[in-house]
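Visitor: Could you walk me through how to read a few features here, one at a time?
Guide: Happy to. Here it is.

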Amino acid sequence: MPTPLYQVDAFATVPFAGNPAAVCLLRDDRDADWMQQVAAEMNVSETAFLRPWDEEATYQLRWFTPTDEVALCGHATLASAHVLWATDHEAARPALHFETASGRLTARRDDGWIWMDFPADPVAPADPPTPLLNALDGATPEEVGWSGRDYLVRLPDAGAVRALQPTLSPLHTLDEARGVIATAPAEADDVDFVSRFFAPRVGVPEDPVTGSAHCALGPYWAARMGRTELTGRQVSTRGGTVRVHLDTPDAERVALGGRAVTVVDGRLDA
């Protein structure tokens, strides 16, 4: 029986912006090797696999890049919630729940935005490893931190983040890190900070918009700006906006807000 399969541009309000994610709605459990093959075939930064978990709008959710399964993905979670609501699978539900490798995640709708409850990844100061400095190709970080998942590199200004052209090969040797976040304060009045994200070790040279990176960016900038309501702009070629809310700068959870657009509605016959 064909499997419903969608492609969604997450953290976007129009097609061909934000971060594309594939969303596969499973009727039965499938093994990880098959999921990895599907993700490689889709060849977007993440493919999400959803399977009904119980009768209370809860789904098992797994995420795969073209080469690896990952423990947390923001934009593919946003895409998954968008699909469930947009296709009327859960049209009447105000909230959706996902059982994942990072625990239970919840998505809610509010005035056209989807808000996701994620674990915070606080950033601690760190000595930059040599491969990271080599990858920056001459860019001088003002601060380097470690979130337990990614390295965070603060650059002098938003222009430096946009101009960054890292050498990706050294990043393959950072075995402890999923990827590297480059960030700086924003120049525009409606945005607080900008960022880019590079994760070649898990098959994503540059991710267009990375929701899970904002689990670190939110606490980092909240502590420095003295505010718990922030807006981030990922300044990749496609670009996207992520809203961030924390109850306190050192909260253990962070709410990430975004929008999404379906661009492909199809079926998987394999």
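**Around the largest cavity**

Guide: Helix 2 (74–86), strand 13 and strand 14 (204–207) each give at least two residues to the lining of the largest cavity. Helices (H or I, at least four residues) and strands (E, at least two) are DSSP runs, numbered from the N terminus. Before going on: this is a predicted model, where local features need pLDDT of at least 70 and side-chain atom pairs count only at pLDDT 80 or more, while totals for chains, interfaces and linings use all residues. Residues are numbered from 1 along each chain as its sequence is written, and side-chain values use heavy atoms, with hydrogens and water left out.

Visitor: How many cavities of 30 Å³ or more are there?
Guide: A cavity is a set of points, on a 1 Å grid over the protein atoms alone, where a 1.4 Å probe fits but cannot get out; lining residues have an atom within 4 Å of a point. Grid points are joined across faces, edges and corners, and a volume is the space filled by probe spheres set on the points. The structure has 3 cavities of 30 Å³ or more. The largest cavity holds about 110 Å³ of space. It is lined by 16 residues, and those closest to its centre are Glu46, Arg178, Phe197, Asp207 and Thr210.

Visitor: Is Glu46 buried or exposed?
Guide: Buried means under 20% relative accessible area, exposed over 50%, partly exposed in between (1.4 Å probe, protein chains only). Glutamate 46 counts as buried because its relative accessibility is 7%. You'll find glutamate 46 in strand 3 (residues 46–52). The unreviewed UniProt entry carries an "active site" annotation on Glu46; UniProt positions are given in the numbering used here, feature names are shortened, and annotations may be inferred rather than shown by experiment.

Visitor: And which residues is glutamate 46 in contact with?
Guide: Contact means heavy atoms within 4.5 Å. Leaving aside neighbours within four places in sequence, the contacts of glutamate 46 include Pro20, Trp63, Phe64, Cys73 and His75.

Visitor: How many aromatic pairs are there?
Guide: Rings of Phe, Tyr and Trp (its six-membered ring) pair if their centres lie within 6.5 Å; planes under 30 degrees apart count as stacked, over 60 as edge-to-face and the rest as tilted. That rule gives 5 aromatic pairs. Take phenylalanine 193 and tryptophan 221: their ring centres are 6.2 Å apart and the planes sit at 10°, so they are stacked. Phenylalanine 193 is in strand 13 (residues 193–199) and tryptophan 221 in helix 5 (residues 214–225), so the pair ties together parts 28 residues apart in sequence. Phenylalanine 193 is buried at 0% relative accessibility, and tryptophan 221 is buried at 2%. Elsewhere, Trp34, Phe49 and Phe64 make up one aromatic cluster.

Visitor: Where do charges sit over rings?
Guide: A charge sits over a ring if NZ of Lys or CZ of Arg is within 6 Å of the ring centre and within 35 degrees of the ring normal. Arginine 224 lies over the face of tyrosine 220, 3.6 Å from the ring centre. Arginine 243 has its charged end over the ring of tryptophan 113, at 4.5 Å from the centre.

Visitor: What about phi?
Guide: Most residues other than glycine have a negative phi. Aspartate 111, not a glycine, has a positive phi of about 55°. Aspartate 111 is in the loop between strand 7 (103–110) and strand 8 (113–119), and at 71% relative accessibility it counts as exposed.

How values were computed. 1 Å grid on protein atoms, 1.4 Å probe; cavity = no way out; pocket = protein on both sides within 12 Å on 5 of 7 lines; lining within 4 Å.
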